[in-house]
Amino acid sequence: MSHRLQRALVQFLCIAFAFAFFSASMQAQQTPAGFSTEEQIKADLQSVPCKNEDRLNAVRSLFEKMGAGASEISVDKHKNVENLVITKPGSSPERIIIGAHYDKVSSGCGAIDNWTGIVAMAHIYKTLKPVSLKKSLLFVAFGKEESGLIGSGAMAGKITKDQVNAYCAMVNIDSLGLGAPQVADNMSSKKLLDAAAALAKSMNMPFGHASISGADSDSSSFIAKKIPALTIHGMTNEWPVILHSHKDQPSKINSTSVYLGYGLALALVYSIDKASCDAYR
Ligand SMILES: [Zn+2]
């Protein structure tokens, strides 16, 4: 399954980006410059730090590896939580947040939940870094999601009423790595869900969406502020056995699932940049 899907994904993204320099590598049937390969993503998945206290620094190192300079990286310190923020300036005051939480529960390694989201987000940064975009991109690694969306709540709480309209959308990635990319209905704005579904269809990518009862993630902190947001995950029906347990280990990660989640979120961010800022409200 994976090879055909990867080719479709690459072809779609090439069309979407329409960069002349991609065409040569397309003809050679290779992954174009700028796009991460599944192998690259797999390598970064395997380097997951399994201790909570090591994770913030590991996220910083990963973004540095993806090309982020010290001046682009900041730690947002709130009363009881730290978020790592990497800013890619755009040509307008409009903003898109791409988020994934870096913390984990005490048991297990937090590989699926949520080192997969961190790695996908970092590779989206790497791919879009050389691309001129209209909107500024804020890549945010949230702390203490597992304690009740504390990092995202702190960030959302500081956005004033006057600033809300400049936040066009928030794309959250939480727990890829088991199956096809999906959107969690109960944590997502309908218009963004529809946009993700349409993109997946055009890429011939498997896709699903459903409510996940009893679960929540950082997109909800922004929906509460009336900022359009969605959560992309890659869970299957076996998620309650693996997540938040000793079974959440690197060996459980299907790297194709993470690769497809990277591709879907990347295409979505790119298309949000092309749309007007109020398109998803
Ligand atoms: Zn999570």
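Helix axes here are lines fitted to C-alpha atoms over the stretch in contact, and the angle between two helices runs from 0 to 180 degrees between their N-to-C directions. The model described is a predicted one.

**Helix H4 and its surroundings**

By that definition, H4 and H5 pack at an angle of about 25°, with axes 10 Å apart. Angles under 35 degrees count as roughly parallel, and H4 and H5 are therefore roughly parallel to each other. The crossing of H4 past H5 is right-handed. On the H4 side, the contact is made by Arg55, Ala58, Val59, Leu62 and Phe63. H5 contributes Asp113, Asn114, Trp115, Ile118, Val119, Met121, Ala122 and Tyr125. By class, the residues of this contact comprise 10 nonpolar, one polar and two charged.

H4 covers residues 52-65, and its 14 residues should span 20 Å at 1.5 Å a residue; the C-alpha atoms at its ends are 20 Å apart, which agrees. The buried residues in H4 are Arg55, Leu56, Ala58, Val59, Leu62 and Phe63. An α-helix has 3.6 residues a turn, so residues three or four places apart point the same way. The cover over the buried residues of H4 includes the helices H3 and H5, as well as strand E2 (82-88) and strand E4 (136-142). After H4 comes Gly67, which has a positive phi, near 110°.

**Helix H3 against H5**

H5 (residues 111-128) also packs with H3 (residues 38-46), at an angle of about 135° and with the axes 10 Å apart. H3 and H5 are therefore oblique to each other. Their crossing is right-handed. Gln40, Ile41, Asp44 and Leu45 of H3 meet Trp115, Thr116, Val119, His123 and Lys126 of H5. The residues of the H3 contact with H5 divide into four nonpolar, three polar and two charged.

| Helix pair | Angle | Axis separation |
|---|---|---|
| H3 and H5 | about 135° | 10 Å |
| H4 and H5 | about 25° | 10 Å |

Trp115 and Val119 of H5 are among the residues that meet H3, and Trp115 and Val119 are also listed in the contact with H4.

**Gly263 in helix H10**

Elsewhere in the chain, helix H10 (residues 255-274) contains Gly263. Is Gly263 buried or exposed? Buried means under 20% relative accessible area; Gly263, at 0% relative accessibility, therefore counts as buried. Ala200 lies 63 residues from Gly263 along the chain, and the C-alpha atoms of Gly263 and Ala200 are separated by 9.2 Å.

Note on methods
Residues numbered from 1 in each chain as written. Predicted model: local features only at pLDDT ≥ 70, side-chain atom pairs only at ≥ 80, totals over all residues. Heavy atoms only, no water. Helix = DSSP H or I, 4+ residues; strand = E, 2+ residues; numbered from the N terminus. Parallel < 35°, antiparallel > 145°, perpendicular 65-115°, else oblique. Left-handed = near helix turned anticlockwise from the far one by under 90°. Contact = heavy atoms within 4.5 Å. Nonpolar A, V, L, I, M, F, W, Y, C, P; charged D, E, K, R; others polar. Expected span 1.5 Å × (residues − 1). Buried < 20%, exposed > 50% of the residue type's maximum accessible area, 1.4 Å probe, protein only.
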